[in-house]
Amino acid sequence: MPQPQGAELDAIRARRDELRDQYLMPSGKRPAPTVKGFHHVALICKDVEETIRFYQELLGFPLVELVENRDYAGSSHFFFDVGNRNLLGFFDFPGHDHPPFEETIGAVQHIALSTDAENFAAARERLDEAGIGYVGPDRGIDDSLYIRDPNGIGLEFYREELAVFNGTPLLD
């Protein structure tokens with residue numbers, strides 16, 4: 001994907017600075033969120049068993065429910081425990097021809113999963129043993145490892161505490 005350069009890049013950076021100045025609320029002055037957090041993130045998979053095996057057997061996220069989708073006959077809706085009372089959900093839609101993953105507006109660019117150093121190393125070892133390619137740690141980013149699941153969904157193993165970004169706490 002071509003990246004902006006020159007005057008175009010300068011304008012984009014200036015606009016980001018304007019948005020930050022206008023909308024970013026300083027810590028201690030932010031109102032409380034109006035929800036408790038994510039109950040689950042719901043994604044679409046092409047194959048239920050392949051997705052279960054990838055997330056449960058390879059990544060170590062326990063499958064905690066598998067039911068029929070109430071909105072689409074024959075479709076499965078299932079959930080994985082990804083820690084801290086967070087769920088990662090999936091649907092399949094049998095009979096529906098989905099195009100392959102494309103990074104576009106409205107798509108999930110990636111899901112960043114907080115992990116500690118020990119589990120980061122273990123995930124990397126499991127990926128190596130399974131022959132699954134990844135990006136990172138590299139590009140000067142020692143704390144991130146990026147993969148794609150069998151559905152094309154981007155996952156980042158981020159060796160960082162929840163609500164902390166590049167060592168800076170984002171939440172009080």
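The entries below go from the whole chain to single residues.

**Entry 1: the whole chain**

I reminded myself at the outset that this is a predicted model. I started with the secondary structure, and the chain comes to three helices and nine strands. Reading from the N terminus, I wrote the order down as α-β-α-β-β-β-β-α-β-β-β-β.

Next I asked what box the C-alpha atoms fill. Along the principal axes I got roughly 50 × 40 × 35 Å. The accessible surface is about 12,300 Å², and carbon and sulfur atoms own 53% of that surface. Of the 172 residues in the chain, 26% are buried. I also looked at contacts with a sequence separation of 6 or more, and 49% of these join residues 24 or more positions apart.

**Entry 2: aromatic rings**

How many aromatic pairs does a search of the whole structure find? My search gave 10. I took a closer look at two of these pairs, both involving Y55.

The rings of F54 and Y55 have centres 5.2 Å apart and planes at 75 degrees; planes over 60 degrees apart count as edge-to-face, so I logged F54 and Y55 as an edge-to-face pair. The rings of Y55 and F61 have their centres 6.2 Å apart, with the planes at 35 degrees, so this pair went down as tilted.

Are these residues buried or exposed? F54 and Y55 are both buried. For Y55 the relative accessible area is 0%, and F61 is buried too, at 10%. I then traced the cluster: F54, Y55, F61, F78, F80 and F90 form one aromatic cluster.

**Entry 3: S76**

I moved on to S76, which lies in strand β3, residues 76–81. Its relative accessible area is 16%; buried means under 20%, so I counted S76 as buried.

What does S76 touch, once residues up to four places away in sequence are set aside? I listed V48, L66, V67, N69, F90, F91 and D92. One of these names was already in my notebook, as F90 belongs to the aromatic cluster.

**Entry 4: H98**

Where is H98? I found H98 in the loop between β4 (87–91) and β5 (111–114). With a relative accessibility of 33%, H98 counts as partly exposed.

Leaving out neighbours within four places in sequence, I noted contacts of H98 with I44 and F93. I followed up on I44, which is 54 residues from H98 along the chain. The C-alpha atoms of H98 and I44 are 9.4 Å apart.

**Entry 5: a charge over a ring**

Which residue lies over the face of F120? I found R159 there, at 4.3 Å from the ring centre.

**Entry 6: a surface patch**

My last stop was the surface. I noted a nonpolar patch of about 320 Å², made by F165, L170 and L171. At a relative accessible area of 45%, L170 is partly exposed.

**Looking back**

I have two contrasts to keep on the page. Y55 is buried at 0%, whereas L170 is partly exposed at 45%. S76 sits in strand β3, while H98 sits in a loop.

Terms used. Residues numbered from 1 in each chain as written. Predicted model: local features only at pLDDT ≥ 70, side-chain atom pairs only at ≥ 80, totals over all residues. Heavy atoms only, no water. Helix = DSSP H or I, 4+ residues; strand = E, 2+ residues; numbered from the N terminus. Buried < 20%, exposed > 50% of the residue type's maximum accessible area, 1.4 Å probe, protein only. Contact = heavy atoms within 4.5 Å. Phe/Tyr/Trp six-rings, centres within 6.5 Å; stacked < 30°, edge-to-face > 60°. Lys NZ or Arg CZ within 6 Å of the ring centre and 35° of its normal. Patch = residues over 30% accessible without salt bridge, like charges linked within 9 Å, V, L, I, M, F, W, Y side chains within 5 Å. Areas by Shrake-Rupley, 256 points an atom, 1.4 Å probe, with all protein chains shown as cover. Salt bridge = Lys/Arg side-chain N within 4 Å of Asp/Glu carboxyl O.
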